[in-house]
Amino acid sequence: LVNQVSAEIYARFSSKTYPAHAKNELLGVFLREYNSAGGVMEAGKWRNCQVLVTIPHILEMLLLSPSAQDWVKRLKWVVFDEVHCIGEQEGGDQWEHCMQLVPCPFIALSATVAGKGKDFHSWLERVNQKKGNAPVERVVHTERWNDLYKYIWAGNELMPLHPFCCLIESSVRQHGLASDLTLTPQEMVQLWSEVGKVVGARKEWQCLSPKEFFSGHTRGFITKLDAREYERKLKDVFMQFLKDNIITSEGFGKLVTGLQRSPTDNTNQEASAKFNPPPRGAAEAAEKTPAPEDLNFLKMNKGNSYLQAATLFRLCRSLDNVQNLPAIFFNFSRKEIEKMLQKLVQELKDQQHNKYYGTEEAAWRSKKIMEKRMADYNAAKKAYEEAQKMKASKKQESTAARKEGEGEGRGAGKSEAVDVSEDMTMLPPEEPIDIADEIDMEFSFHSPKALGIWQEDVEEQLSQLKSKNTPGYLIDALRRGIGMHHEGCKTGYRQTVEILFRRGYLRVVFATGTLALGINMPCRTTIFCGDSLELNGLMFRQMSGRAGRRGFDLLGQVVFLDMAFLKVQRLIASDLTSLTGEFKLSPTALLRALMEWEQVTLYEVQDKEMPRSKDEIARCLVPMFSLPFFSSSIADLETQVRYQTRFLLEFLYREGLVRASGSVAGLANMITFMFETEPANFMLARFLTNGLFHEYLTGQEKRARKGDRRTHLTVKLTSVLAWFLYPRRLPHNIPKDRAPRKKHLPSAKSPSLPPLPKPMLEAVKKYNEGVHELFQELAWCVGSTTKFSDADLVLPLSGRSFRASWDPRGQPFQKGSPFQEKFIQHIVRYRARSPFSAIAGIGDNFSSPSDLASSTRNVMHLDVTSFPAVAASALGEESLEPTNSWMLDFMIHGKIRYLWEDNGINATQAWKLIGDFKEAVKKAATALKPWCPPDDIVLKTFEELGDEIHKYHMEGSK
């Protein structure tokens, strides 16, 4: 997306010129991997650009960096694209910090924000008010450029899916319709017709007859706004019928059935009739597919036919016949989309081969054609060879004439000079390939029109891929108009797919979620294959939004393939989840803010000119520690944020990262540099400060053997780092398709990590105990600020409330009696624990992080993930939580594909995790350089480990 935005900015504004002496550049790009300006990758040059394209991670880093405040001062506008990502668990806090820290006006863009962004806008208003900035305006546009039609692929054809077929009666009666559930004009007419059959001739519904409703329109056509007004009236009356029980449960069922069996589009029927190839074998012939009229969507379960070549071929051909290509197939498994691409390409090749060699007659015709081609080739080859002989003869004559002229004197022999330029451009003829191996348009999905316009460019792109050793099956697929797009693809191939798709050459692309967010690859149809936990309502709306190209298509199509109908119902009929942030007050974020503030104070003491005033920086920092995006109707977040900030400061003080005066100390620079890895950054700092890394690696160096990879220092270091850097839980089961192998074996205890060395284990336990104690004190302090009320005596799920005092009969003892005295003495006092949990008589002593997060009063909100603890057991056991050995196993065998068999991590997840682990190790090495001599064993091992991971990362997917 960064590359795309950069290209668009350059295309629109590259004609802008600057004075010769100016250092300004139009465009800069700043990513984790590199930064550049004006196309030149030079460190720091991005500071001179007028437009910087970056990601929230980098922007947050710049806004908090003391050395980048001169650049922050120059900011005039910030554009946040796909701002709904603020609600994601991973990376959402960086979006939040960016919006709290920006000192200038901003534009936040999103197509999928629930409730038209009211809550989000309210929070932004409060943040800007806190900073003293201008009010935030909310601009809402609810209309798509084109309508989306939904289909289900069933019975080997596209079945129209009316959105009201996805409604669940009880949910609609209780909560109403989803706010973004829209109907196309055809679906509106179908709804009016089918509801009329259920409710009969009721006046309030008959007046909504399209003929009657639009009878007053004199323009001669109906606008989209008119249709939306009609849709609103239909929905209002429909909901009133449900409220008054005019549409009963039985009637609701009849309505859903009627909409499901509405007549299909004639175009689709004609196309299906034209494309009816014979079965490809006994298995397919025996396969029973229900007739469309017998299908019941409600009984449809998840299938796997999307992995079968015949299904993919039929679906693509059906879409092609009704001109609904280009299409994007969405599936979240890299392994599956690669399999789908290979099977579809092989199916096209097999079908083409059958066309030319499937029968004796076809084989005879093909043989004759190939004989003629070979005869033409042999004739051309013979002519070329004769031409080459003549050219050689002419060269000899020319050389002889030149020598004779040199012997007779200057100017002599000119008449004998021979022109040898003829036949210089003659190319050798290419040997004809088999007719079944050519690209036959009947068995290809590329666009002939686009090929005619961009043929040279297409051939150049494909030849470049070939020169980069791109697998042959991918190039064959591109020639047939089929591509693949996921984060594991090589950059060159992925960019080629994007270019050829935008130019219209590619018309079928298999993709993961990489095309969901904003990348400019619109299509006419999106197909959802199978199911995944990652496919939620938000992701569905993002992906389906790719369908319908603005300016090209009046309609877009969404197709569900092999997805359980219950999941289809949830995707279409459910409302978007409310946008909310994660309540994560991070000690690393506080340390970064303290470092920035210390630099500002230092400038002030030294009377240096500051890029930004101290007051301005303070106003921008305040919302980070007072106005979290997370909201709660019960918890007193304002009080908790104040106390939690204070306790995080105490945590930093105990870790030796902050002095009593508030200035930073120790390895604070390293901690902030590795802020993404929290809490691993604090644990690494402890090990370095206590000398545990040096002690461990020095001891292991003596045991290392060159021929045994498992004894190498880099592997030993990985066995320690894997406990803290991107840890994963143990797989709940090992895949059934795991095959025994004699080489590329994992670690001895795989899929579990070997235990930490005893000194390190004791250090981790001591660290976790300190974190738990600190957060326990935090809970007690926050609980002490508020007295117990009726809200504390309400069960969270059922909502049932209990008494806060004795029942009307009074106390079960007399005042001043011996029983009362003994009773009061045995009461366990508590302030932080929920009364329901305190019944056990355990007071405010929490046994584990899980107990602390789940058993506190509702005046506070604590989440286990917000505790900076390392591998702490959720149940409070002394041992650490068992952790997946995925990174250690990868460092031993170097093969990504075995991580699924041994560790339950698929290729998509593994690719990203390994990349993140590599970056963390390299950052640690960079942070260690100022503190260590060049030959330090810890520094050298970290550097070697980073290089080895990079090497295996590039080779591991092979």
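This is a predicted model: local features need pLDDT of at least 70, side-chain atom pairs count only at pLDDT 80 or more; totals for chains, interfaces and linings use all residues.

Tutor: Residues are numbered from 1 along each chain as its sequence is written, and side-chain values use heavy atoms, with hydrogens and water left out.

Student: How many salt bridges does a search of the whole structure find?
Tutor: A salt bridge is a side-chain nitrogen of Lys or Arg within 4 Å of a carboxyl oxygen of Asp or Glu. By that criterion, the search of the whole structure gives 37.

Student: How many residues apart in sequence are the parts that Arg857 and Asp792 tie together?
Tutor: The side chains of Arg857 and Asp792 meet in a salt bridge, at 3.0 Å from N to O. Arg857 lies in the loop between α32 and α33, whereas Asp792 lies in the loop between α29 (758–784) and α30, so the parts that the pair ties together are separated in sequence by 65 residues.

Student: Is Arg857 buried or exposed?
Tutor: Buried means under 20% relative accessible area, exposed over 50%, and partly exposed in between (1.4 Å probe, protein chains only). Because the relative accessible area of Arg857 is 1%, this residue counts as buried.

Student: Which residues is Ser866 in contact with, leaving aside its neighbours within four places in sequence?
Tutor: Ser866 is found in the loop between α32 (849–855) and α33 (886–893). Contact means heavy atoms within 4.5 Å, and, with those neighbours within four places left aside, the contacts of Ser866 are Phe583 and Phe775.

Notes: Helices (H or I, at least four residues) and strands (E, at least two) are DSSP runs, numbered from the N terminus.
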